[in-house]
Amino acid sequence: MRFMLLFSRQGKLRLQKWYTATAERDKKKMVRELMQIVLARKPKMCSFLEWRDLKIVYKRYASLYFCCAIEEQDNELITLEVIHRFVELLDKYFGSVCELDIIFNFEKAYFILDEFLMGGEIQDTSKKSVLKAIEQADLLQEVSWASELT
Amino acid sequence: MALKIVKGSIDRMFDKNLQDLVRGIRNHKEDEAKYISTCIDEIKQELKQDNIAVKANAVCKLTYLQMLGYDVSWAAFNIVEVMSSSKFTYKRIGYLAASQCFHENTDVIMLTTNQIRKDLSSPNQYDTGVALTGLSCFVTPDLARDLANDIMTLMSHTKPYIRKKAVLIMYKVFLKYPESLRPAFPRLKEKLEDPDPGVQSAAVNVICELARRNPKNYLSLAPLFFKLMTSSTNNWVLIKIIKLFGALTPLEPRLGKKLIEPLTNLIHSTSAMSLLYECVNTVIAVLISLSSGMPNHSASIQLCVQKLRILIEDSDQNLKYLGLLAMSKILKTHPKSVQSHKDLILQCLDDKDESIRLRALDLLYGMVSKKNLMEIVKKLMIHVDKAEGTTYRDELLTKIIDICSQSNYQYITNFEWYISILVELTRLEGTRHGHLIASQMLDVAIRVKAIRVFAVAQMATLLDNAHLLTGNMQRNGICEVLYAAAWICGEFSEHLENPVQTLEAMLRPKVATLPGHIQAVYVQNAAKLFATILKNQEGNTDSTAAQETSQMMIDRLPLFVQSANLEVQERASCILQLVKYIQKLQQKDVEVAEEVSALFAGELNPVAPKAQKKVPVPEGLDLDAWINEPPSESESEDEQPKAIFTKEEPKHSRPRHTEVDEKELARRREARKQEQANNPFYIKASPSSQKVYQEAPGVEHIPVVQIDLSVPLKVPGLPMSDQYVKLEEERRQKERAEKKKKEKKKRKEKRSGRGKKHDSGPESEEDITPAHVVDIVTEEMPENALPSDDDDKDPNDPHKALDIDLDNLLETTARRPLADSEKLPVRSHRAAGAPKSPAEDGEAENATPQEPKKKSSKEKRDKKKDKERDRKRSKEEKKKKKHKREEKEEDLLGGQAEEAAVQSEETKEVEAQPSSTSAEVSDLDFWLSNAPVPSNTQEAATVAAAEADPAPEAPAGTAADSEPEEPKDTETEESKSSKHKKKKQKKEKEEKEKKKKKKHHHHHHHSDGGGEESVQNGTVEEEEPLPPMSNYCLLAENSYIKMVSDGDCDARLWKFVLLSIC
């Protein structure tokens, strides 16, 4: 996977993760271009499109679009599953996740994504172990908070 | 309660936390930028404080702003500060910020190396994890080089959480620092069998990604992956493995054979669409790679097509899309199986989703045949009519033309129909593809001689109705077709029914509103028409008609003489003067027609698009040499008389003879070429072209079938292509009947002697003869054109650097002196040993980093082999073997030249085999030549064998320092010639030899090997507990190196030493 974007129906970027080094300017350009293309697509259309030399897989959950760029030989359906799995993870973590959760806790969303994917590859196919890792890291965070306060 | 209070106070302590920032931004929608700039000022203040908590909060806010598109690169150093906090909370934020904001050119990354190293070795696994995650995003070549060792160590961490992250990040490290691949690979391979499924799948992921880029180096892993595939139930992993096999099969067709069965089983059994889709795709890839050799896989193809049909019929748009996509892959090799689903594909053209329609169009392109072309195009024409949106309609238009014109109009049986289609397409409003239609018209009219009469009639109609096409002149691309129409009418004017009328149509005042280049063609072709008219009327005694025509020209041409377009103006004034002169002669009753038409005599032949490029440079011509003295420095390029060919400066029509530099010359040449290419009047002067044309088989001799006159030629108004579908049916029936007759006749004629060839044209596989023999004039190429040498490889592909032959680890290591960068791989080996000098040991160890862990499996294999060998060995074979060995040893001792000779002889003898060299191949051979589904024991043995291989094989290369290819080749020779069971004995022998060679090498090279161990390596050793390797005995040990030897092969090694002394 080259990168993953989350953006709202209004075209506001909510999350971006780049798995290949890309210059800031190119990133912005690509994000803008992709948002335009994806947002212009009608709801009945399929979730895949070819864009430059990449394949774009996107899916809309409520008001949020999850959008992944994969390479020519990658499997589109498994990418959809990756997206879905990520949404499930967010959902489990936040408890019926909504866009606001991701906006206000964007760093948490990143932490979850980082536990799930690394360098664009799936890190763990088990939901449970991803959540466990997050929980424990969070616990550690709390502990260090507490230790600082005392 | 107390905690809450304290937390509250902390909140107050910060100016704003992230939530406040987000809320603030949302509340300041109107002046967001202003609000954020004040926030950034606050953040800058916060970053100046010493409190790390405040800093972390500021960095967190910056990360958010970065996502919104604000530049935060100025805070990079603060991010590093937060990263190095000892508190996990802040560290986490710091690494997140770094992973989002850092890139290769961020300077402060240099400062992070030690911090990251510290975090990697932190006792807290989440510190390590967060560092690895961050690193995966911003790893640079420097970081990769400096940290490769640390990460490799982590691959054997006790916690699977760390192991899997370390394995995954290795891929990024490899990309940035390819030298690390070779030393890290053995351990990576180990991880394929990690007890933790997460680690295992991570290893599969990484190896699959590597292998997809450079499949040939991973062929030897096939048995291992095969085992994983048949045992794993994890769909994510399965998909990766199957994808990997998809990349491997083109290199090893036998692997494909083996795969078909398990894959089809999976296709039958799985309920996961993603897995099904992957399997189908790989089966397709396999079948493509097998396409020639395996005729019996129609069942598999059928299965795939069936499954894809189910996907396409699914209501899920995604599956439909993918189904079509995969179908198009099958289409390339098995068009017949796809063609039977034409109905389904045509249905998809009605889909609401444009991307699905486009996919279906792609498929149709490959599905047409002579039989169904008209039908499909008819359907497409209907879609063109009702299509919404110009982009899709344009896409349809180009597809129709693509479909019809593919492979030199292979599927068109009736060109009248095609011309009608093209003419119908001109009625499309607002299309951008006028030039495409125009070029098709020109192409067909020029190359299909038989159609010219019809084409000219149609084009004349078009010209007559030009006003219909050119409603909105400027934006309407369709007026391009008038260019073609005018040219065709002019060039082939002898076929015109009523040339005077057409001439009149071409000289209407409205023409002046057309784009300049079209007007120019109009003027020129009006002249051609004029010539034809004169010729036609010459026989008449009454010359008034001819004079009237001249008068019309003289009346109308001044309009063009005034044109602002230089080209039009020039041509018009030239022709006007000519006509005036002709008129004078006419008035004196001089016969001029002959001379006038001589102006336009001669045939025009299409020139291949690459013809110019293919002209070989004549001997002795140096294209880089200066023709004139190079221009002086002061004369800048801009001052060059660029305007020579531009139209803005009509006054400046004569080029001054200025000194022009090479670029300018090239530019001019290019421009000229371009112009010639675009200019239908340009005839290539080369005498050879004419010759080629005449020699082209069948150009003059192809019997031209009379046009089917059942089609009325004088179509009033624009033609309808639909009628052809019906007519074509009738024609075919007629033809079939005729053909039967002719065949009978033919037989008779044959009996009576040499029968004349019939005009029936070549028989197609569908028994459909074209209505017109396509005089598809082959495009001209210059004599002795060079064969095309298209090298599409991208030199900048980052994966190219990872093309490392991993099977021959040792060989390559030894052949090149170790670079500093390659020191990191050193491993510790244990066991006790035989006497060897430490230096020597160093070299040996260096050269055999991955041998130890393979030991056990190798043993297993050896045992297995022994058994088999005992069973099968025959005396004859022994003899043969001995003989061969002797031969080989001689070779080794002999000089390079001798070896090369032997080599070439050998290679001649043997069939060419896939690029996989090395003894591994023979193992792989063995595995592959097994029954498709091996029994458990057998499989285990073969897997073990393949795994164990690199070690014994690789040293072979070491002997051949100076002639690196030699041992490989002889081995391949062996592996090639060895078939079935014989192989095993040979392999054993090979192994012996290799070991000997290895030994030989060690003696040869120990002087430069040992000194290269670095201090760093020592530290690695201490950190790394490795699995025990029982069969190795320790030879020597110091603080940097442990030296071991393999007791098993000692005897042979020594034997070799003896031999070499002898």
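Entry 1, a serine in chain B. I began with Ser563(B), which is buried, with a relative accessible area of 11%; the model I am reading is a predicted one. I located Ser563(B) in the loop between helix H31 (544-561) and helix H32 (566-587) of chain B. Setting aside neighbours within four places in sequence, I found Ser563(B) in contact with Gln519(B), Val568(B) and Gln569(B).

I then turned to chain A, whose secondary structure comes to five helices and seven strands, and which reads along the sequence as β-β-α-β-β-β-α-α-α-β-β-α. Of its 150 residues, 60% count as buried. When I took the contacts in chain A between residues at least 6 apart in sequence, 48% turned out to join residues at least 24 apart.

Is Met30(A) buried or exposed? I noted a relative accessible area of 12% for Met30(A), and because buried means under 20%, Met30(A) counts as buried. Met30(A) belongs to helix H1 (residues 24-40) of chain A, and, residues up to four places away in sequence not being counted, Met30(A) touches Phe3(A), Trp18(A), Thr22(A), Trp51(A) and Arg52(A).

I looked next at where the two chains meet, and found that the contact takes 59 residues from chain A and 64 residues from chain B, while about 5,900 Å² is buried between them, 57% of it on carbon and sulfur atoms. Seven salt bridges cross the interface of chain A and chain B, and I checked the one between Lys164(B) and Asp124(A), in which the closest N and O atoms are 2.8 Å apart. For polar contacts between chain A and chain B I wrote down 26 residue pairs, both residues being at pLDDT 80 or more. Which element gives the largest share of the side of chain A that touches chain B? I found that H5(A) does, with 13 residues. By class, that side of chain A has 25 nonpolar, twelve polar and 22 charged residues.

Over all chains, my search of the whole structure gave 47 salt bridges. One of them pairs Lys127(A) with Glu88(A), the closest N and O atoms being 3.1 Å apart; Lys127(A) lies in helix H5 of chain A and Glu88(A) in helix H2 of chain A, so the pair ties together parts that are 39 residues apart in sequence. Lys127(A) is partly exposed at 26% relative accessibility, and for Glu88(A) I have 26% and partly exposed as well.

How many disulfides does the whole structure have over all chains? My search found zero. Cys279(B) is in no disulfide, and the nearest cysteine sulfur, that of Cys304(B), is 9.2 Å away. I noted Cys279(B) as buried, with a relative accessible area of 0%, and Cys39(B) as buried, with a relative accessible area of 2%.

Definitions and conventions. Residues numbered from 1 in each chain as written. Chains lettered and ligands numbered in written order. Predicted model: local features only at pLDDT ≥ 70, side-chain atom pairs only at ≥ 80, totals over all residues. Heavy atoms only, no water. Helix = DSSP H or I, 4+ residues; strand = E, 2+ residues; numbered from the N terminus. Buried < 20%, exposed > 50% of the residue type's maximum accessible area, 1.4 Å probe, protein only. Contact = heavy atoms within 4.5 Å. Buried area = accessible area lost by both parts, 1.4 Å probe. Salt bridge = Lys/Arg side-chain N within 4 Å of Asp/Glu carboxyl O. Polar contact = N/O pair within 3.5 Å; in protein donor to acceptor, adjacent residues only side chain to side chain. Nonpolar A, V, L, I, M, F, W, Y, C, P; charged D, E, K, R; others polar. Disulfide = S-S within 2.5 Å.
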